[in-house]
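Let's take a quick tour of a few local features here. Have the sequence and the 3D view handy.

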Amino acid sequence: MAEKKEPSEAAIWLGLADNTFTRQKTVKFGDASAVNSGRFYSILIVCGLIMLWVLSSRLGLVKEFYWPTVGGTIDRVILLVTEGFRNISLWEHVGISVFRVLTGVLCGALVGIPLGFAMGLSSTARGLFDPIVEFMRPIPPLALIPLIILWFGIDETAKIFLLFLASLFIMTIAARSGVSSVRISKVHAAYSLGASKMQILRHVILPNALPEIFTGLRTSMGVCWGTVVAAELVAADRGVGSMIMIAKNFLQTDTVVIGIIIIGIIGYVIEIIMRYLERWLIPWKGKG
Amino acid sequence: MTGIAIDKVSMVFTLPGGGEVHALNDVSFDIKEGELVSVLGPSGCGKTTLLNIVAGFLAPTSGEVRLNHHTVTGPGSERGMVFQQGALFEWLTVEQNVAFGPNMAGKPRAETHEKVEHLLNIVGLKDFGEKPVYQLSGGMQQRVALARCLANEPDVILMDEPLGALDALTREKMQGLVLKLWKETGKTIILITHSVEEALFLGEKLIVMAPRPGRIEKIYELPFADQGMTKSPRDIKAGADFVEKREEILSMIWEMEEEIMGQTG
């Protein structure tokens, strides 16, 4: 039998060849773990897109009104970093948006977690709040913007209140489902070990609900980040969302594109931080 | 005296859509202090319901359970419970799980620590105190559950198929451990199981239950648990008496199952 040539490490890393384990499988189609990273094609597509952008800038294929050139974008980034946008530094635009999200999520969690616990533990609380929570749950927070502008105007309170609402119902539902997910044998075990009701709440129900609360926090962060940008598009003079909206009015397409990229990066960074925190704070997640 | 009296206990569950399930019908027996009683029966015979009534998680429809002449009305720390699996607190380490009872009672930390160390030693988990419980194998987790229960110094230990989810070899080893702990601590134990062999090997008294309605079919007094400390478990289980009893009970349960099939079919 002819000796088969082993593929190189580099080829495996690039996804041009399967690793040893996958090569031993005879059934590959339909086995998700047999699909390799295909890293070569990722690199190809990213490089290709950048090349296309460079080329179209050089040749002036696309009007700057529709899509900025490479050189123009780099100049604009430098300008934004050094001088800011409309007398407000770039960091302040980004900072205020992040601040709004964090405050909104924090307020939502502070109210939503106790509310969800109450709903999971008491029939009265469940009866009282269930209609409100179930009614508010499917409403996109953005649909509340007009009403909130009528109530609070367009100052900081309005935006934070909107984000508070956006995270409130997510957190309430997460905490409630965290409470309901406790396995009855754990509660029984704690009772027969002599724990009081308060001790069971503190030492069994709370830690048991933490993974779901954290998933709620992660979802809230994502939803609130999306909501803050949209809210800033409608009514704000600071923040990443307002920055791209104002830039649009001045036909500064490059600033708009840079703003969109910043929004994407920050959303991604938030997700990564939350995942890291989750692994660090709740290592038992999914291990019950 | 920490005897248990189960006195004419009946349990009827009313189903949400109407209709009733007679989980237990007029079950009575006594358990002496320090006795190890195993309860065996086909699924649906109400053995877990019975244990939950003794534990105080369920109130019987009629009859009562008395512990030292006091009627059981709810859970209490004098009745420790070992569950099948998944009743450990996965957010705590092995040591914190075992120390749960004493910590809730506000016992001094140093004293508790010493007791926990001692118990972990007994169940063979000496160097595992700092580990999170989810890193342990199923058998080790059940050792933690046993230690957690013992740390609270209950008078009675209620075991709800504690070895049910373990593989055959681990299960056999754990049976030895249960026997050893029972002999050393002298606790009163009620063991629910669906393994005939386990029920015979561990129970001084074996209660065979029958389903629909859940009731006592037969009570055996058995010598095997007493032999367990001197003879090897394998020898006991291969002995002629043991095999004879095992086959007798198996065919009894087999008949019950057949009867159920006949009723529904």
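## Ground rules

This is a predicted model: local features need pLDDT of at least 70, side-chain atom pairs count only at pLDDT 80 or more, and totals for chains, interfaces and linings use all residues. Residues are numbered from 1 along each chain as its sequence is written, while chains are lettered from A and ligands numbered from 1 in the order in which they are written.

## Strand β6 of chain B

Helices (H or I, at least four residues) and strands (E, at least two) are DSSP runs, numbered from the N terminus. β6(B), residues 79–82, runs parallel to β7(B), residues 156–160, with four bridges joining them; strands pair if DSSP finds at least two bridges between them.

Both faces of β6(B) are covered, with B:Arg79 and B:Met81 buried on one side and B:Gly80 and B:Val82 on the other. Buried means 20 or more other C-beta atoms within 10 Å of the residue's own, exposed 12 or fewer, and partly exposed in between, with C-beta atoms placed from the backbone.

## Helix α4 of chain B

In α4(B), B:Thr112, B:Val116, B:Leu119 and B:Leu120 are buried. Down the helix axis they fall within an arc of 100 degrees (taken from the directions from the axis to the C-beta atoms), so they line one face. The face turned away carries exposed residues, including B:Glu111 and B:His118.

B:Glu153 has a positive phi, near 45 degrees, without being a glycine. B:Glu153 sits in the loop between α5 and β7 of chain B. A cis peptide bond joins B:Arg212 and B:Pro213, with omega about -5 degrees.
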